[in-house]
Amino acid sequence: MHTSTHTVLYDPDGLIEAELPLDREPYECLVTAVLAWTGEDTLAERDYEQIGLQLTGHARAVASDVRRRASRLPKSSGPRALADVVLREAEGRLSATLEGTVRCVQNRARLVRALYERLDRLEAALAPEKVTSGGA
């Protein structure tokens with residue numbers, strides 16, 4: 001008899017992931033640091049690959065968040081249309097082979113930044129309109 005201590009989760013809609021907030025601050029710091037690099041490669045190729053993998057994984061998580069939030073907007077809305085464009089571009093960029101270079105890692109960092117910008121705009125679009133008192 002075989003007993004397992006592992007639980008297999010079936011979550012095709014990503015609802016479990018949706019309940020977990022993204023740990024944004026460390027990745028924003030990483031993006032800022034990566035984009036500040038200038039000149040030639042100073043790290044080993046493997047180090048760039050590891051940083052690129054971190055940014056790629058996080059970009060996929062942010063893209064999922066963008067996708068979930070965009071799906072809550074009407075199909076004809078401007079913010080949703082822009083999110084769809086950003087998501088298509090993100091998929092294309094994430095499908096490119098990861099290279100152990102400054103250029104490649106900086107491209108992944110730019111993608112994370114663009115996805116967070118879109119996420120913030122979607123949040124604003126989904127927020128209830130503020131009613132100002134004392135009209136004009």
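Reader: Which helices do the buried residues of H2 pack against?
Author: They pack against H3 and H5. Keep in mind that this is a predicted model.

Reader: OK, and which residues of H2 are buried?
Author: Tyr-27, Val-31 and Val-34. They cover an arc of only 70° around the axis, and that puts them on the same side of H2.

Reader: Why would residues a few places apart end up pointing the same way?
Author: An α-helix has 3.6 residues a turn, so residues three or four places apart point the same way.

Reader: Nice. What does the face turned away from the buried side of H2 carry?
Author: Exposed residues: Glu-25, Thr-32 and Ala-36 sit on that face of H2.

Reader: How long should H2 be, going by 1.5 Å a residue?
Author: Its 13 residues should span 18 Å, and the C-alpha atoms at its ends are 18 Å apart, so the two agree.

Reader: Let's zoom out. How many helices and strands are there in the protein?
Author: Five helices and zero strands. Buried residues make up 29% of the 136 residues.

Reader: And what share of the contacts with a separation of 6 or more is between residues 24 or more positions apart?
Author: That share is 74%.

Reader: Now H4. Which of its residues are buried?
Author: Arg-80, Ala-83, Leu-87, Ala-90 and Leu-94 are the buried ones in H4. Looking down the axis of H4, you'd find its buried residues within an arc of 80°, so they line one face of the helix.

Reader: What do they pack against?
Author: Helix H3 (45-70) and helix H5 (102-126).

Reader: What caps the N-terminal end of H4?
Author: Ser-77 does, with a side-chain oxygen 3.3 Å from the backbone nitrogen of Arg-80.

Reader: Switching topic: which residues touch the most other members in the largest nonpolar core?
Author: Leu-55, Val-66 and Leu-115, out of 24 residues in that core. H2, H3, H4 and H5 each supply at least two residues of this core. The largest share comes from H5, with nine residues.

Reader: What does Leu-115 touch, not counting residues up to four places away in sequence?
Author: Its list is Ala-59, Val-62, Ala-63, Val-66, Val-86, Leu-87 and Ala-90.

Reader: I clicked on Thr-56. Where is that, and is it buried or exposed?
Author: Thr-56 is in helix H3. Its relative accessibility is 10%, and the cut-off for buried is under 20%, so Thr-56 counts as buried.

Reader: Which backbone oxygen lies 2.7 Å from a polar side-chain atom of Thr-56?
Author: The one of Gly-52. Leaving aside neighbours within four places in sequence, Thr-56 is also in contact with Leu-94, Leu-98 and Arg-108.

Reader: Last one, Tyr-48. Buried or exposed?
Author: Buried, because its relative accessibility is 1%. Tyr-48 has its place in helix H3 too.

Reader: How far apart are Tyr-48 and Leu-98 in sequence and in space?
Author: They're 50 residues apart in sequence, and in space 9.5 Å apart, C-alpha to C-alpha.

Methods. Residues are numbered from 1 along each chain as its sequence is written. Side-chain values use heavy atoms; hydrogens and water are left out. Helices (H or I, at least four residues) and strands (E, at least two) are DSSP runs, numbered from the N terminus. Buried means under 20% relative accessible area, exposed over 50%, partly exposed in between (1.4 Å probe, protein chains only). Contact means heavy atoms within 4.5 Å. The arc is that of the directions from the helix axis to the C-beta atoms. A polar contact is a pair of N or O atoms within 3.5 Å; within protein, one must be able to donate a hydrogen and the other to accept it, and residues adjacent in sequence count only if both atoms are side-chain atoms. A nonpolar core is a set of buried Ala, Val, Leu, Ile, Met, Phe, Trp, Tyr and Cys residues joined through side-chain atoms within 4.5 Å. The expected span of a helix is 1.5 Å times one less than its number of residues.
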